[in-house]
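Me: Can we go through a few of the helices in this one together? I have it open here.

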Amino acid sequence: MSKKYDCIIVGAGPAGVFCAYEFMQRNKDLKILLIDKGKNIYSRKCPVNEHKIAKCPIINGKSGCLPACSITNGFGGAGAFSDGKFNITTEFGGWLTDYLDDKVVLDLIKYVDQINLKYGAPKEITNPTTDKVREIERRGLAVGLKLLRSEVRHLGTENNLKIQAAIYDDLAKEIDMMFETEVKTVIVEDGAVKGIMLPSGEIIESNYVFLAVGRDGSTWLEDICKKNDIKMTNNQVDIGVRVETNDVIMEEINKNLYEGKFIYRTSVGTVVRTFCSNPSGHVVVENHSGTMLANGHAYASKALGSINTNFALLVSHKFSEPFDLPNEYAHQVSRLANELSCGGIIVQRYGDICKGRRSTQKRIDEGFVKPSLKEAVPGDLGLVLPYNTMKSIIEMIEALDHVTPGIANEHTLFYGVEAKFYSARPHIDNNFQTKIKGLYVGGDGAGLTRGLAQAGANGVYVARHIDDLIENK
C-alpha cells in the first residue's frame, strides 16, 4: 500500500521550507511531506570549500557530491550557503506581483522576515532613504545607472545556516521529510494530480503537490510540464562574471547600502545588473548539474571575513524564435570556461581584459587584489564570453567607476562564469496552480522568484491557499 499525504512539497529551498512551515503553523493535523534530492541541513558539506580543492571531486564516476551538489541542493536550498541577504521590497527579487497585489506580496515578505527574526536573524537592517543613499543614487543617475532601493537584512552565511537548522528541527517534529531522494515524475490522472513516483517505482499519493525545485531543478520541471501539456513562457537567462575588489573601494556603498543594486542599459541594447554583493566576502564555486559556476557569500562575523568585496555583474539575454533553450545556452558558455580551466573557474584581472591578454599566475600575484577563491585558474574570459556580453560588462564597470571610484582599476578581478538559470515559467492561475488540478509551482525554479524573500513568500501563500481548500472541503 502506498503512503498518502495531504500535500507533498518537492524541493526544500526557501519556497518549500516556508510552505511546510506555514502548514505546520496553521494545521498540525495535516500530513505533509517535504522531499529533496539533496541532504538534510546537518549533512550538507562542500568538499571544494572544506578541502580547498580546485574543482569538484569525482565520486562514483560523477563530478560532484552524490546524489546532488551540497551547495545548491538540500534543506535550505541554494540560499542556505549564500550570505543571506533578505530584501524587503517588491521592486526586485521576483515576479509575484504579476499574480498578487503589491501589498499582499510585501506583507508576505515581512511575515517571512518575522519568522527569520524568531529563529535568530540579526535585528540590524539598512535604511535606503538617508541623504547619503540619495547622493549615491544621484551619482548613478548621472551616468545612466538606476539604483534599486530596499531595506536589507543581512543574515550572514553562518547565521543563515543556524536559522535554517532551527527551522529544520521544528519541522522535523511535525512533518515528514525525505532527503537524498529524487522524484522521478508526477502522477496525473483525469486532469488532476494524484501524487509522485520515485525512481524505485514507489508511488506516494496526494491530491496536492507543490513543485518548488529551485534553479537546479528547472530542467526537470520543464520536462514535467511538457509531459502534461502545461504551456510555458521562456524567461531570460543571465550570464556574467563575479567581480572582486578591495573593501576600501566599496566602503561607501557597503556602509550605507550593504548591497548596491544597480541596473544599466548598454550601447548594444542589453541590460546589466549588479547582484549579490558580499562585503568582506569570499568567492565560491557552485556545481549546477556538472557546470561549475562562480558565486559569493559573506559571513556576519568580521573575524570570518576577507578584506575584499565581491559582487556579480549579470547581462540579461532574451531569445526569440526559433531558439528556446536559454538555460542550455548559458550552460554551454559556462562549460567552455570549465574546459579552459580544467574543470574549475577562470580568474582574470580587469587590466588584462582591457589589454586583450590572458592573466597569468604571476600577474595575479603582483596585483593589489588577492583572490579569495585561491583555486581559481588564471586565464582569458575573452575566449569564453560572447562579444556583446563582455562589452556590456565593460561598459557597466566603467559606469560604476563614477559611483564607487576605483572599481575599474586594473587590479580588479573578474571570475567566470557566473550564470543565473531561470525556468521557462509554467502557465498558472493567480494561486500558482497549473491547469492540472492540485499541482502548484513556485520559487526560483519556476521562474517566479529571484531570491530568498519572494521565494519564501511564494511558499507561504501556496500553503495558505491549499490549507483553505482542504478546510473547506
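Me: Which are the buried residues of helix 8?
Reply: Bearing in mind that this is a predicted model, the buried residues of helix 8 are Pro326, Asn327, Ala330, His331, Val333, Ser334, Ala337 and Asn338. Seen down the axis of helix 8, these residues fall within an arc of 165 degrees, so they line one face of the helix.

Me: And what covers the buried residues of helix 8?
Reply: The cover includes helix 6 (218-227) together with several strands, among them strand 15 (237-246), strand 18 (282-288) and strand 23 (413-420).

Me: What does helix 8 reach from its first C-alpha to its last?
Reply: Helix 8, residues 326-340, has 15 residues and reaches 22 Å, which is close to the 21 Å expected at 1.5 Å a residue. Helix 8 is followed by Cys342, which has a positive phi near 60 degrees.

Me: Switching topic, at what angle do helix 3 and helix 12 pack?
Reply: Helix 3 (residues 102-118) and helix 12 (residues 452-471) pack at about 100 degrees, with their axes 8 Å apart. Since angles of 65 to 115 degrees count as roughly perpendicular, that makes helix 3 roughly perpendicular to helix 12.

Me: Which residues meet there?
Reply: From helix 3, Val105, Leu108, Ile109, Tyr111 and Val112 meet a set in helix 12 that includes Ala453, Ala457, Val460 and Arg464. By class, this contact has 9 nonpolar, 2 polar and 1 charged residues.

Me: Is Asn458 buried or exposed?
Reply: Asn458, which is in helix 12, is buried, with a relative accessible area of 0%. Leaving aside residues up to four places away in sequence, Asn458 touches Leu96, Phe432, Gly442, Gly443, Leu448 and Thr449.

Notes:
Residues numbered from 1 in each chain as written. Predicted model: local features only at pLDDT ≥ 70, side-chain atom pairs only at ≥ 80, totals over all residues. Heavy atoms only, no water. Axes fitted to C-alpha atoms, helices over the stretch in contact; angles between N-to-C directions. Helix = DSSP H or I, 4+ residues; strand = E, 2+ residues; numbered from the N terminus. Parallel < 35°, antiparallel > 145°, perpendicular 65-115°, else oblique. Contact = heavy atoms within 4.5 Å. Nonpolar A, V, L, I, M, F, W, Y, C, P; charged D, E, K, R; others polar. Expected span 1.5 Å × (residues − 1). Buried < 20%, exposed > 50% of the residue type's maximum accessible area, 1.4 Å probe, protein only. Arc of directions from axis to C-beta.
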